[in-house]
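Biologist: I would like a close look at a single part of this model. Please take it step by step.

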Amino acid sequence: MAANSNINNEIESTDQVGIRVEAGTNTDDLTDAFGSVGSSNSASTSTNYNQSSFGSGAIGQLALNGYGSSGYHKYVAKMVTDRHAAEYNMRHKNRGMAIIFNHEHFTVQSLKARAGTNVDCENLSRVLKQLDFDVSVYKDCRYQEILSTIKYAAAQNHEHNDCILVAILSHGEMGHIYAKDTQYKLENIWSYFTANHCPTLAGKPKLFFIQACQGDSLDAGVTMVSGRTETDGDSSMSYKIPIHADFLIAYSTIPGFYSWRNTTRGSWFMQSLCAELAANGKRLDILTLLTFVCQRVAVDFESCTPDTPEMHQQKQIPCITTMLTRILLFSDKEKAPAARN
């Protein structure tokens with residue numbers, strides 16, 4: 001896009017939820033790092049991480065923070081899907097809970113307000129309702145408030161729900177995300193929904209969408225140019241599943257890198273996710289859909305911060321961690337018949 005002679009002409013399109021996909025000519029791009037764009041504080045943080053720090057990512061946190069097999073425990077949950085079924089059972093009465101933690105303002109002195117996050121929250125809430133989720137939005141929560149909300153959700157009976165979804169829109173750094181008042185490990189959220197802690201979600205999808213930086217590295221991208229090519233068991237039997245099965249964690253960016261957010265249109269990742277969910281949420285399975293989300297972010301966006309040259313014309317790619325064991329498709333819910341007079 002940077003090489004295009006029409007770079008000064010903004011290219012945009014409108015999707016079903018009214019958000020516009022841009023080609024990097026809007027100068028309101030910021031990152032969701034814990035510091036400000038181009039600040040001296042953010043540059044120093046990357047040197048504090050060594051190779052072991054990557055153990056605090058999605059997989060590392062699930063494995064390394066007290067959820068290993070220190071002893072023998074027998075957990076039992078109701079079978080909701082045949083053993084070798086290709087798709088998750090999405091025919092329960094309800095789609096399930098969708099919890100959105102939207103962070104705009106912080107009491108941590110180093111954290112700037114996240115302009116544009118309310119656009120993300122509104123668009124995400126809209127498309128999730130279109131997919132039949134029961135959506136709850138929590139604004140600028142402190143860590144203990146987040147924890148209380150998650151504990152309450154995990155303690156509910158999800159027997160008649162297809163799945164659960166949690167979205168967090170905030171500042172972040174490697175292995176951590178920020179509440180209004182402090183940082184916390186992402187594992188502190190999703191560990192409450194493992195099969196041993198929340199048995200009515202065992203065997204059901206548990207989806208997490210994280211809009212936040214995972215570091216302060218930049219991706220300058222690679223210019224692609226066109227070139228010439230030449231052509232020369234028995235499903236009725238009970239079975240065990242791992243307690244961490246059926247999770248999906250979709251990060252807005254890869255470990256160690258910035259995540260970009262437009263102050264008027266919202267984050268690149270949430271714009272793309274909402275566009276795909278609106279257009280294809282009931283047509284494509286979730287991993288195919290997220291592949292196209294990655295494509296949108298990778299191809300259609302580029303930072304435009306000419307006043308800060310080192311941040312200008314940068315790229316981003318989301319990171320999808322999946323422990324799903326079946327195809328996940330948000331099929332239509334049967335509508336209750338109208339009451340007779």
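Which residues of H4 are buried?

Modeller: The model is predicted, and what follows should be read with that in mind. The buried residues of H4 are Tyr143, Ile146, Leu147, Thr149, Ile150, Ala153 and Ala154. They lie on the same side of H4, because the arc they cover around the axis is only 160°. On the other side of H4, the exposed residues are Gln144, Tyr152 and Ala155. The helix itself runs over residues 143–155, 13 residues in total. From its first C-alpha to its last, H4 reaches 18 Å, close to the 18 Å expected at 1.5 Å a residue.

As for the cover, several elements contribute to it. The buried residues of H4 are covered by elements that include strands E2 (94–102), E3 (134–139), E4 (161–169) and E7 (183–185), along with helix H5 (187–190).

E2 and E3 run parallel and are joined by six bridges. Between E2 and E3 the chain passes through H3, and this β-α-β crossover is right-handed. Within the pair, Ile100 stands opposite Val137 in E3.

Leaving aside residues up to four places away in sequence, Ser125 touches Ile100, Val135 and Val137.

Definitions and conventions. Residues are numbered from 1 along each chain as its sequence is written. This is a predicted model: local features need pLDDT of at least 70, side-chain atom pairs count only at pLDDT 80 or more; totals for chains, interfaces and linings use all residues. Side-chain values use heavy atoms; hydrogens and water are left out. Helices (H or I, at least four residues) and strands (E, at least two) are DSSP runs, numbered from the N terminus. The expected span of a helix is 1.5 Å times one less than its number of residues. Buried means under 20% relative accessible area, exposed over 50%, partly exposed in between (1.4 Å probe, protein chains only). The arc is that of the directions from the helix axis to the C-beta atoms. Contact means heavy atoms within 4.5 Å. Two strands pair if DSSP finds at least two bridges between them. A crossover is right-handed if, with the strands pointing away from the viewer, the path from the first strand over the helix to the second runs clockwise.
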